Amino acid sequence: MTLKDLSNKFILNLNAIYNEDEAQAIYLIALEHVLKYCRTDYLLNKTEVISTEKLNKLEAILTALQTGKPIQYITGETIFYGLPFKVNSSVLIPRPETEELVDWIISTSNSLLQTPNSQPSTILDIGTGSGCIAISLKKNLPDAKVFAIDIAKDSLTTAENNAILNEVEVEFIEQDILQTPNSKIPTQYSIIVSNPP
């Protein structure tokens with residue numbers, strides 16, 4: 001089977017769930033995951049015959065997609081604000097709209113992060129999940145001290161691994177933000193951000 005034939009198969013088999021453009025975009029994500037091909041590679045190699053091993057992997061992805069499982073959970077990864085993130089069922093898949101929030105904070109950070117007495121600026125991300133907000137902010141605002149809180153231990157494990165993947169230091173705290181007595185978190189921040197589901 002050629003790359004083009006498999007693209008057509010994805011579109012045909014996913015038409016009950018996704019429109020043609022969405023199915024094509026998902027196919028390209030699967031192709032990048034399995035073959036390390038970007039969109040340009042696909043366009044230049046549409047007639048390439050896929051090896052049996054790679055075809056089996058891509059068809060397994062298609063089968064999982066037909067159950068309604070998101071491609072990001074199938075591949076275990078996604079890109080957020082230009083950075084790689086691991087995702088699994090313990091975290092929500094970062095949304096493009098959330099990138100707009102991160103971008104707004106970064107673009108307005110000069111006024112938001114001014115602190116008296118030259119104290120380090122601090123950011124708190126509440127309900128961090130995969131850590132996409134906290135990690136993206138730390139990557140782009142390296143002088144800020146970033147804290148991320150979540151009630152779920154498995155989500156924090158994913159976020160901690162994502163911080164290592166993106167080579168940033170974020171202080172992760174397992175706590176219910178609504179339970180303030182004996183809080184493990186400082187009480188003053190330059191920015192508090194949260195993007196709950």
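**Contacts, helix packing and loops in the predicted model**

Setting aside neighbours within four places in sequence, Gln-72 touches Glu-77, Thr-78, Val-87 and Ile-93, where contact means heavy atoms within 4.5 Å. This is a predicted model, in which local features need pLDDT of at least 70 and side-chain atom pairs count only at pLDDT 80 or more, while totals for chains, interfaces and linings use all residues. Residues are numbered from 1 along each chain as its sequence is written, and side-chain values use heavy atoms, with hydrogens and water left out.

Gln-72 sits in helix H5, which covers residues 71-75; helices here are DSSP runs of H or I with at least four residues, strands are runs of E with at least two, and both are numbered from the N terminus. Between the C-alpha atoms of Gln-72 and Ser-130 there are 12 Å, with the two residues 58 apart along the chain. Helix H5 also holds Thr-75. With a relative accessible area of 11%, Thr-75 is buried (under 20%; exposed is over 50%, and partly exposed lies in between, using a 1.4 Å probe and protein chains only). Its side chain gets to within 3.3 Å of the backbone oxygen of Glu-77.

Next comes a pair of helices. Two packed helices are described by the angle between their axes and the distance between the axes. For H1 (residues 3-13) and H4 (residues 52-66), the axes come within 10 Å and cross at roughly 15 degrees; axes are lines fitted to C-alpha atoms, for helices over the stretch in contact, and angles run from 0 to 180 degrees between N-to-C directions. H1 is therefore roughly parallel to H4, a label for angles under 35 degrees. On the H1 side, the contact is made by Leu-6, Lys-9, Phe-10 and Asn-13, and H4 brings in Leu-55, Leu-58, Glu-59, Leu-62, Leu-65 and Gln-66. Sorted by class, that makes six nonpolar, two polar and two charged residues; Ala, Val, Leu, Ile, Met, Phe, Trp, Tyr, Cys and Pro count as nonpolar, Asp, Glu, Lys and Arg as charged, and the others, Gly among them, as polar.

Lys-36 falls in the loop between helix H2 (20-35) and helix H3 (39-44). Its phi is near 65 degrees, a positive value in a residue other than glycine, and at 62% relative accessibility Lys-36 counts as exposed. Tyr-81, in the loop between strand S1 (77-80) and strand S2 (83-86), has a positive phi too, near 50 degrees. Tyr-81 counts as partly exposed, at 23% relative accessibility.

Technical notes: Angles under 35 degrees count as roughly parallel, over 145 as roughly antiparallel, 65 to 115 as roughly perpendicular and the rest as oblique. A polar contact is a pair of N or O atoms within 3.5 Å; within protein, one must be able to donate a hydrogen and the other to accept it, and residues adjacent in sequence count only if both atoms are side-chain atoms.
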